[in-house]
Amino acid sequence: MNIHEYQAKEILDKYGVPTPRAEVASTATEAKDIASRIGGRVVVKAQVHAGGRGKAGGVKLVDTPEQAQKEAGALLGTRLVTKQTGVAGVPVEKVMIAETLDIKDELYLSIVIDGDIGAPVVMASTEGGMDIEEVAENAPEKIFRVAGDPLIGLTTYHARDIALALGVPAEALRATTKLITDLYRVFTDNDCSLVEINPLVVTEDNRVVALDAKITLEDDALFRHPDLARLRDGNQQDPLERRADAADLSYVKLDGGRVGCMVNGAGLAMATMDITKTAGADPANFLDIGGSADQERIEEAFKIIMDDEDVEIILVNLFAGIARADIVAQGIVAAAKETNAQLPMVVAMRGTNAEEGARILGESGLNITAAPDLAGAAEALKHKLLELGGAN
Amino acid sequence: MAILVGPETRLLIQGLGRDGSFQASRTREYGTNMVAAVHPGRDGQKFEDEVPYFSSVARAVEATGANTGVIFVPAPFAMDAIIEQVDAGLELVVCITEGIPVLDMVKVVAYMKGKPTRLIGSNCPGVLSPASKAKVGIIPGNIVRPGNIGVVSRSGTLTYEAIAQLVQHGLGQSTCVGIGGDPVHGTTFTDVLELFQADDETEAIVLIGEIGGIREQLAAEYIRQHVTKPVVASIAGQSAPRGKRMGHAGAIITGKAALASEKIRALSEAGVHVVESPTQIGAMMKEVIG
């Protein structure tokens with residue numbers, strides 16, 4: 001789950017990680033008042049769940065409270081389109097007004113789980129402010145990595161090693177070491193999947209400050225952090241993804257696709273997307289209905305696909321182990337009848353009660369092509385796409 | 001001989017809620033020797049009038065000599081269940097539970113270092129050996145056939161797909177192993193490849209990988225150095241975009257190495273027969289072993 005920068009800053013503040021003086025505003029007038037309180041030159045930052053804000057015009061430097069009011073007014077209520085959002089962009093409902101600092105150096109710091117090591121790993125780089133993936137690809141030697149111990153945590157000496165690798169001034173070494181150990185505690189205490197400070201700055205007076213903060217919380221661990229679970233901002237999500245979340249479905253909307261995919265199991269769902277592509281069209285979504293989905297969830301899953309305006313044809317691929325094909329078939333028929341769906345469907349059903357599922361679909365009167373298996377589904381999809389006017 | 005499970009398997013099941021009980025029945029129907037069920041507070045009762053319940057794993061092991069455990073307990077309590085089974089000295093622990101917090105799995109894997117127990121999963125379909133009718137997990141017993149192909153996979157239902165294709169081409173399986181889709185898990189591809197290479201009953205291997213992490217590359221390196229048996233591989237997620245989690249917590253493209261194309265390249269360079277489409281797994285294996 002993503003949270004906003006101002007929410008991440010609140011968590012950092014709680015752990016004593018230095019951040020710029022800042023407050024969040026929902027109106028232009030509030031923004032003006034905050035800018036007056038902070039005084040001097042401030043930065044107005046759109047609060048959205050997407051990177052690339054600066055280049056998209058979501059971050060403005062201003063010299064007076066009146067300018068802060070004007071820029072905040074221009075941002076609030078609009079949708080920001082960045083390279084990380086779709087064309088629809090994300091709504092700007094809050095802006096953060098933060099003090100500006102005299103910056104000497106910009107650094108990078110993040111913590112993620114490294115599945116291959118099996119521990120949280122601190123990544124640090126002197127290339128602050130840059131896209132870290134680009135640094136990783138073009139100059140991997142500039143990224144310094146240290147794994148924490150799963151049971152002990154991150155020792156102070158490891159944190160100091162990282163601070164030394166970052167080349168912070170001697171006066172700032174102790175504070176940077178503490179900042180890194182505090183940040184590691186932020187990560188483990190709150191079950192984060194990402195804590196990223198980009199940039200971490202060294203000021204002219206040798207203070208280290210987290211100028212920006214991005215925190216992603218692990219969905220699977222939210223059950224033990226009810227206070228953090230409340231930070232969810234559904235308005236930042238794609239509306240279809242938001243509905244899928246509410247129905248406990250694993251769904252990802254994919255831009256530009258026209259084949260809606262409905263599958264049980266994540267691996268098979270990916271494989272189904274792959275055969276869709278090979279058949280000549282892009283998948284419109286990833287959707288795993290899970291192992292023990294009941295008819296209501298199946299119905300909602302089907303409706304989510306139907307409500308995706310990009311979808312022209314639906315591919316259902318079910319290999320029922322725990323799931324039951326007849327229940328899935330009933331869910332599809334109920335949802336299709338309710339939404340008056342006319343879209344063509346290719347359906348492959350195997351496993352538990354597959355014959356009964358096929359009978360239910362066959363007698364439904366829906367526009368369905370039954371396929372015996374994955375290869376058959378690929379073939380049927382190809383034919384259907386040709387009927388619809390060729391591959392893209 | 002199959003790997004991991006066999007006639008010597010004495011299975012203990014922990015977590016008998018709706019899904020666990022359903023799967024326990026399927027497991028027994030298939031013919032697996034289930035000797036104990038762990039559910040606190042049910043001592044003295046029996047599952048399906050035959051399998052005795054115990055309130056703790058240690059008590060169950062002491063009374064029944066169970067050597068293998070399977071876990072269905074809900075995610076918030078799964079770390080505890082794995083550690084309880086490890087502490088009770090089970091040889092093999094298979095954790096089916098999905099959605100365990102990653103930091104819990106980080107602790108589990110660290111805790112298990114140096115201990116004799118092997119963990120499969122979490123978030124996996126488990127292990128099944130058709131010839132010895134040993135099923136530890138949720139792989140449907142009616143889709144497999146006894147034979148000589150070893151199957152190892154990060155996925156659940158895509159594993160079933162691979163099995164169905166093998167059967168379609170007249171190829172049975174020695175053992176099917178689902179290692180799970182979480183980024184931090186117990187037994188890896190490399191571990192299972194080592195077991196299949198050493199297993200007399202296994203003539204060839206199917207490996208099903210997916211986007212995320214570098215475990216397929218590590219498998220490729222291991223195959224290049226140590227595996228002489230033919231390997232057919234399929235990598236799911238070639239059409240997946242960067243930065244989006246495709247259901248499995250581990251299936252996310254975070255860097256170049258996590259891409260399907262990088263995994264395919266590494267495996268191909270190691271001499272693995274990588275199929276272009278997941279529909280070709282069975283046919284490719286038939287062609288490779290003739």
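**A walk through the predicted model**

In chain A, Val43(A) stands opposite Ala98(A), a residue of strand β6(A). The model examined here is a predicted one, and this pair is a handy way into it. The two strands involved are β2 (residues 42-46) and β6 (residues 95-99) of chain A, which run antiparallel and are joined by 5 bridges. Helix α2 of chain A, covering residues 28-38, packs on the sheet and touches β1, β2 and β6 of chain A. The direction of this helix makes about 10° with that of β6(A).

What is the strand order of the open sheet in chain A? Its 4 strands come in the order β1-β6-β2-β3, with antiparallel pairing. At the edges sit β1 (22-25) and β3 (59-62) of chain A, each of them pairing on one side only. On average, and with direction ignored, neighbouring strands of this sheet are turned by 20° against each other.

Further along chain A there is another antiparallel pairing to look at. Strand β13 (residues 250-253) of chain A is joined to β15(A) by 4 bridges, and the two run antiparallel. Within this pairing, Val252(A) stands opposite Phe286(A) of β15(A).

Ser364(A) sits in another kind of setting, namely the loop between α12 (354-362) and β18 (368-371) of chain A. Why does Ser364(A) count as partly exposed? It has 17 C-beta neighbours inside 10 Å, and a residue is called buried only from 20 or more and exposed at 12 or fewer, so Ser364(A) falls in between.

Chain A has 392 residues, and 48% of them are buried. Among the contacts in chain A with a separation of 6 or more, 70% come from residues 24 or more positions apart.

Next comes the place where the two chains touch. Chain B puts 48 residues into the contact and chain A puts in 46. On the side of chain B that touches chain A, two or more residues come from each of α3 (75-87), α4 (102-112), α5 (157-168) and β12 (204-210) of chain B. Of the elements, α4(B) gives the most to this side, with 6 residues. By class, this side of chain B divides into 25 nonpolar, 15 polar and 8 charged residues.

Domain 1 of chain B brings 14 residues to their contact, and domain 2 of chain B brings 18. On the domain 1 side, the elements giving two or more residues are α4 and β7 (118-121) of chain B. That side of domain 1 of chain B has 10 nonpolar, 3 polar and 1 charged residues.

Technical notes: Residues numbered from 1 in each chain as written. Chains lettered and ligands numbered in written order. Predicted model: local features only at pLDDT ≥ 70, side-chain atom pairs only at ≥ 80, totals over all residues. Pairing = 2+ DSSP bridges. Axes fitted to C-alpha atoms, helices over the stretch in contact; angles between N-to-C directions. Contact = placed C-beta atoms within 7 Å. Nonpolar A, V, L, I, M, F, W, Y, C, P; charged D, E, K, R; others polar.
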